[in-house]
Amino acid sequence: MPAPRPRPGQIATHLAAMAVVSVILGVIVSGIALPFAGLAGVAANKTADTMTDLPQDFEIGALPQRTTILAEDGTVLASVFDQNRTNVSLNQISRLMVKALLAIEDYRFYQHGALDLRGTLRALFANAAEGGVVQGGSTITQQLVKQTLLYNATSEEEAEAATDDTYARKIRELRYAIALENEYSKDQILETYLNTVYFGDSAYGVQAAAKHYFNVNARELDLNQAAILAGLVQSPSAFDPTDNPDRTIERRDVVLDRMAELGVVPQQRADNVKKRGLGLDPQPSSNGCVNSRAPFFCQYALAWLLQDPALGRDKEERERLIYSGGLTIHTTIDLRFQKAADDSVRQRVFAKDRAIGALAMVEPGTGDVRALAQSRPMGRKKNLGQTYLNYTVPRKYGNANGFQAGSTFKAFVLTAAILQDIPLNRSISSPPQVFLPMNQFETCDGPYASTQIWDPKNSTGSGTFNLYTGTRQSVNTFFAQLEMETGICEPYNLAKSMGVQLTPNDKDREMVPSFTLGVADVSPLEMAEAYATFAARGLHCTSRPVSMIEDAGGNVVKEYPSQCTQVIPGPAADAVNDVLRGVLEPGGFGYNAGISLNDRDDAGKTGTTNGSFSVWFVGYTPNLATASMVAGADDNGNWITLDGQVLGGSTTYSAAGSTTAGPIWGDAMQAIAPLLAPESFVAPSAQDVVGVLTPVPFVAGMSVDSAIAALEDAGFNAERGPRVRSRQPSGTAAYTVPGGGSTFGAGDTVLVFESNGRQPRDRGGRGRGGR
């Protein structure tokens, strides 16, 4: 039977193919140095002219890799990535995998150059005969060029140019491939290809594919697994083993037969493997924090890093580093603490309750964030109570506004009173209600600018109280009058220095007489950080979710040491601790609620807002501070009262800090208590609490060693701080924090900042001078 006459379109395609072959042969002879003028039917003159403008070298660049987030003990918390990839060296990849890939994709890879002329001619004529693309003639080097151009594309036009099905694109690839083979060895090209190529289902590179489909490392791939992965390269979606197992088996068998045909494996061995199933052990490719064991901590750690300018000039650059840099992020979370926190919150407040339960744990003396938990799980399904709002952290990290903290703010007024030499036994008559002129309260800008009368009421009793009993009973009228003595400015500044993120723009709402009743919106993490300052005897350490970042090679990119400053004299903090212990001792609200730890020194403070919109308990031991909160919120996040709400399966008729938030704190802390060293608070002396403190020496201008010696001689713990701009000579002490002349307790920490000899920038205000 005679062959059918070719159609006119096929004749044109044949002619075009022969023209391209002629061009390619000419390119090989000339080293791709000649212009491609006159290629009618293949490419326009413009394309031809630009060929000579292509660069003579080709950089592969760094491949995007996934970043791994670790808990403190090294457990994987989450992975984040733009491309799920983990680079491995060629000697970490199974030889069977290498052989399978070469057999089916480019079996003459080590014999030919950038172009496999034999394979190219075969593909060109096969495609021309069929009137379309039925065979690929690209070498692995050319495929790597294509993948690299695609990954590096910054626009849709560049992506289309990297993948368009034209001979002009093939010729561009060929020139780049020649440059690539001139720059890299065959092994380097093959290794990069195996780490670059896409294997489907979000798995980039052979290591990610091996873990995803078979839960093995690339070096452990057997013949069956290697043939499956090698077969995926041609069309990852068409041969996806999880969606199309029958087609995957067919493709695997093609690879095995090709390996046997080339003598890579015996035919009998290939036939034996063909009788087997796929043997999949698929592992989910979890990207992000949603499926993490601590999703909201994970989200917070990433948000915290994205605000670090050391990781990039802008947020976009920092995201690129974090999501594509193959980093290892070491965090401070303790998964034992996290489990206790999760169990406690979820048992007391259910996901679909019309309320939010939240808890944060911070380690005193380091600022390490040990756990974050909330009742509403992470996700987008509102009908299941899910949310992406992180209620445990400040707004800038979690997009939630926070909630009023109630009487937990009384601790800041208590501290200010102690610092102002108000004795702990000071008695104040505290009736059920007081009427206080607002302009008698001193703010940082002078008297409060209002002639109105503030008329707070008690909800816990009335009588005459001192700092111990007034705090234990949380008497509103006692603290309103005490704040009139201390002023609002010092408690306000103390709260800020201890980690409460009050803002200048909200001073009219925050620096008000009712400050002591906790009218500012805060998060559990802020309150845990603040109370951790009391536990650390006045040493404030900024909350820290990350301790270190390493790059893909294990090199340290950035360390995050604890950032601590003595903000309260140790003896004054000891006095606060002694007062707050009473809340968890017989007669205190915490003790009456049954949440005391009994065999551990503990202290804390309750908080309940007007209308019971939110309730708090912030408590601590010498080595862990924990803030628990429950806030009423409807499905749309609007505040509602907790009174009458069903929480954790039981109706709450009258919400309170001790009985509603307190049990969350108690359950979590009692579970963790065996893990905490049995440390004790330092008892205050009578002299300490009435202001017998030591002045910090003025050491500016001394050598740093002399300054440290002078501070230690005065009884302080002196530590060297970073170099700073200063008018003092380079290498001498610029100033201290706390500053010279301020009074603190023996053993408190004073940081000595070394001058770099450069004049301070003029910011239009007064500097720290010679403190």
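**Figure 1. Ser 474 in the loop between α18 and α19 of the predicted model.** Ser 474 is buried, its relative accessible area being 6%. This residue sits in the loop that runs between α18 (467-472) and α19 (476-486). Although Ser 474 is not a glycine, its phi is positive, at about 50 degrees. Most residues other than glycine have a negative phi.

**Figure 2. Asp 421 in the loop between α17 and β7.** Asp 421, likewise not a glycine, has a positive phi of about 65 degrees. Because its relative accessibility is 40%, Asp 421 counts as partly exposed.

**Figure 3. The cis peptide bond between Val 737 and Pro 738.** The bond from Val 737 to Pro 738 has omega near 0 degrees and is cis. Most peptide bonds are trans. Pro 738 belongs to the loop between β25 (733-737) and β26 (743-744).

**Figure 4. An aromatic cluster of Phe 409, Phe 412, Tyr 492 and Phe 515.** Phe 409 and Phe 412 pair edge-to-face, with 5.1 Å centre to centre and 80 degrees between the planes. Both Phe 409 and Phe 412 are buried. The whole structure holds 19 aromatic pairs.

**Figure 5. Packing of helix α5 against helix α8.** Helix α5 (residues 140-151) packs against helix α8 (residues 186-196) at an angle of about 50 degrees, and their axes are 10 Å apart; the two helices are therefore oblique to each other. Their crossing is left-handed. From α5, Ile 140, Thr 141, Gln 143, Leu 144, Gln 147 and Tyr 151 meet Ile 189, Leu 190, Thr 192, Tyr 193 and Thr 196 of α8. The contact residues comprise 6 nonpolar, 5 polar and no charged.

How values were computed: Residues are numbered from 1 along each chain as its sequence is written. This is a predicted model: local features need pLDDT of at least 70, side-chain atom pairs count only at pLDDT 80 or more; totals for chains, interfaces and linings use all residues. Side-chain values use heavy atoms; hydrogens and water are left out. Axes are lines fitted to C-alpha atoms, for helices over the stretch in contact, and angles run from 0 to 180 degrees between N-to-C directions. Helices (H or I, at least four residues) and strands (E, at least two) are DSSP runs, numbered from the N terminus. Angles under 35 degrees count as roughly parallel, over 145 as roughly antiparallel, 65 to 115 as roughly perpendicular and the rest as oblique. A crossing is left-handed if the near helix is turned anticlockwise from the far one by less than a right angle, and right-handed if clockwise. Contact means heavy atoms within 4.5 Å. Ala, Val, Leu, Ile, Met, Phe, Trp, Tyr, Cys and Pro count as nonpolar, Asp, Glu, Lys and Arg as charged, and the others, Gly among them, as polar. Rings of Phe, Tyr and Trp (its six-membered ring) pair if their centres lie within 6.5 Å; planes under 30 degrees apart count as stacked, over 60 as edge-to-face and the rest as tilted. Buried means under 20% relative accessible area, exposed over 50%, partly exposed in between (1.4 Å probe, protein chains only).
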